[in-house]
Amino acid sequence: MAEAALPELAAVPWRGRVDARYLQRRGWLWTLQTVAFVVPFTLAGIALIALEPLALPVALASFAHGWVIPELHAFRGSNTIRPPRGPRNEKAEPVAQGFLGDLLGHDARDLQRETGLAMERGALGVWLLGEAGAVLVANGGRRVHCFCVGTAERDLPPSDRVAHLLLALRTDEAGLATVANHAFSGAPWRLRRRIRKEQRPALNAAVKAAR
Amino acid sequence: MSKLIRMDHTGHSTLAEWTEDNPEACQAAIREFRRQLDEGCIGMVSDGPGKATQVRELPLDADLVILRRPIAGG
């Protein structure tokens, strides 16, 4: 007997099934939130300088707030594909990476070995799968969505963690996006600045593939 | 030869091997598959590039059946 939906959906019955429209709405809300931080703090800084030039330090603090808060949001997004801290099962990693490599195509296998991220095309866009999260570059390549999701098994080697997400994605893409916790959405350049240097080629490739 | 494997702390472990013309091996594989499902594993069959199917009964005609653990939002 075969099933099309992820069984993990039973753990989150209150969530509506994610689709492209839902993600678009989430994206707009994130943009609105970013504007709501940047514009008031910037205007307040400008107004302070206009009213009293001696208030420049306070104005600079206001500008900094408008810059730091969206940066923190992007940093939170980058954390979804950052390898988890703590001890890792590196001993079994060669076996796990060989298995993951068998599941991936040739190009995706090379990219995963270089960056630690597995690239997979889905209906919603192009996915980058990490050990404890995933990034979806939406179709068109102009927006990313970052998700926290993974297996709770602590002793799995890193590539097995990625393989878990890959198999779940291939079974039910919308289900994976529903089970996962949405952590950030924004332009790819905002995420690129915050992810590890070795992960950037994977994001570049995903954006290119999503266009 | 078909294989039932589980992703675990060793990378992966082979839990059963069978051929369709060997009923004893098939029954042993089915028993092991059910035992793993009872322990919370999820059975998967990779259907080639970009496709996988979740299975609740062991497909004896599949070359490779993979057992994974559940995932959840972090």
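Some ground rules come before the tour. This is a predicted model, in which local features need pLDDT of at least 70 and side-chain atom pairs count only at pLDDT 80 or more, while totals for chains, interfaces and linings use all residues. Residues are numbered from 1 along each chain as its sequence is written, chains are lettered from A and ligands numbered from 1 in the order in which they are written, and side-chain values use heavy atoms, with hydrogens and water left out.

Let's start with chain A. It has eight helices and six strands; here helices (H or I, at least four residues) and strands (E, at least two) are DSSP runs, numbered from the N terminus. Reading from the N terminus, the order is β-α-α-α-α-β-β-β-β-α-α-β-α-α. The C-alpha trace of chain A spans about 70 × 35 × 30 Å along its principal axes. Of its 211 residues, 48% count as buried, where buried means under 20% relative accessible area, exposed over 50% and partly exposed in between (1.4 Å probe, protein chains only). Contact means heavy atoms within 4.5 Å. Among the contacts in chain A with a separation of 6 or more, 69% link residues 24 or more positions apart.

Now for the inside. In soluble globular proteins, nonpolar side chains tend to be buried together. A nonpolar core is a set of buried Ala, Val, Leu, Ile, Met, Phe, Trp, Tyr and Cys residues joined through side-chain atoms within 4.5 Å. The largest one in this model has 36 residues, and the members touching the most others are Trp127(A), Leu129(A), Leu176(A) and Ile66(B). Several elements each supply at least two residues of this core, including helix 3 (93–103) and helix 5 (158–171) of chain A and strand 3 (42–46) of chain B. Helix 5 of chain A gives the most, with seven residues. A second, separate core of 19 residues includes Ile81(A), Cys146(A), Ile195(A) and Val207(A).

Take a closer look at Trp127(A). Leaving aside neighbours within four places in sequence, its contacts include Met119(A), Phe147(A), Leu169(A) and Leu176(A).

The contact takes 28 residues from chain B and 35 residues from chain A. About 2,500 Å² is buried between them, with carbon and sulfur atoms giving 59%; buried area is the accessible area (1.4 Å probe) that two parts lose on being put together, summed over both. Met7(B), Gln54(B) and Ile71(B) supply 27% of the area that chain B buries against chain A, more than any other three residues.

There are two salt bridges between the chains, a salt bridge being a side-chain nitrogen of Lys or Arg within 4 Å of a carboxyl oxygen of Asp or Glu. Glu153(A) and Arg69(B) form a salt bridge through their side chains (3.5 Å, N to O).

Not counting residues up to four places away in sequence, His164(A) touches Thr151(A), Leu156(A), Met7(B), Arg68(B), Arg69(B) and Ile71(B). Its side chain also reaches the backbone oxygen of Asp160(A) at 2.8 Å.

Ala202(A) is found in helix 8 (residues 200–210) of chain A, and its relative accessible area is 0%. Ala202(A) and Thr115(A) are 87 residues apart in sequence, but their C-alpha atoms are 6.4 Å apart in space. Val18(A) sits in the loop between strand 1 (2–3) and helix 1 (20–51) of chain A, and is buried with a relative accessible area of 6%. Leaving aside neighbours within four places in sequence, Val18(A) is in contact with Leu23(A), Ala174(A), Ala177(A) and Thr178(A).

Notes: Polar contact = N/O pair within 3.5 Å; in protein donor to acceptor, adjacent residues only side chain to side chain.
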